[in-house]
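Have the model open while you read.

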Amino acid sequence: PPPPFKVVEDKIRPFVSKKMTEYLGEEEVELVDFIVGKMHAQASAAVILEELAKVLDDEADVFIVKLWRMLLFEILRAKATASS
């Protein structure tokens, strides 16, 4: 699979799962799959935020910022590793 797919599955999925458990008190597999699916589809932060606001209310903003920071960090790290 292409590197972005691997980054999302290896790094982002566990992060999303952990955060959803923290916010909702239990693991929400369908919600995690939904978010990861949106990431694979390269949906914008605004699109994902709009959907998550229905579930997470005020915490959705904070989550999206953390998610995008982590995504950026992991992509940059993958690129740095691939070029060295």
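This is a predicted model: local features need pLDDT of at least 70, side-chain atom pairs count only at pLDDT 80 or more; totals for chains, interfaces and linings use all residues.

A crossing counts as left-handed if the near helix is turned anticlockwise from the far one by less than a right angle, and as right-handed if clockwise. Helices here are DSSP runs (H or I, at least four residues), numbered from the N terminus.

Residues are numbered from 1 along each chain as its sequence is written, and side-chain values use heavy atoms, with hydrogens and water left out.

**Where α3 meets α4**

Take helix α3 (residues 45–56) and helix α4 (residues 59–83): their axes come within 8 Å and cross at roughly 140°. Those axes are lines fitted to C-alpha atoms over the stretch in contact, with angles running from 0 to 180 degrees between N-to-C directions. That makes α3 oblique to α4; the cut-offs are under 35 degrees for roughly parallel, over 145 for roughly antiparallel, 65 to 115 for roughly perpendicular, and oblique for the rest. The crossing of the pair is right-handed.

On the α3 side, Ala-45, Ile-48, Leu-49, Leu-52, Ala-53 and Leu-56 make the contact, and they meet Glu-59, Ala-60, Asp-61, Phe-63, Ile-64 and Trp-68 of α4. Contact means heavy atoms within 4.5 Å. Sorted by type, the residues of this contact are 10 nonpolar, no polar and two charged.

**The core**

The largest nonpolar core has 20 residues, and among those with the most contacts inside it are Val-16, Met-39, Leu-52 and Phe-63. Such a core is a set of buried Ala, Val, Leu, Ile, Met, Phe, Trp, Tyr and Cys residues joined through side-chain atoms within 4.5 Å. The helices α1 (3–24), α2 (29–40), α3 and α4 each supply at least two of its residues, and α1 gives the most, with six.

**Two buried residues**

Buried means under 20% relative accessible area, with exposed over 50% and partly exposed in between (1.4 Å probe, protein chains only). The contacts in the table leave out residues up to four places away in sequence.

| Residue | Helix | Relative accessible area | Touches |
|---|---|---|---|
| Val-32 | α2 | 5% | Arg-13, Val-16, Ser-17, Met-20 |
| Glu-74 | α4 | 7% | Val-7, Lys-11 |

Val-32 and Phe-63 are 31 residues apart in sequence and 13 Å apart in space, C-alpha to C-alpha.

Terms used:
Ala, Val, Leu, Ile, Met, Phe, Trp, Tyr, Cys and Pro count as nonpolar, Asp, Glu, Lys and Arg as charged, and the others, Gly among them, as polar.
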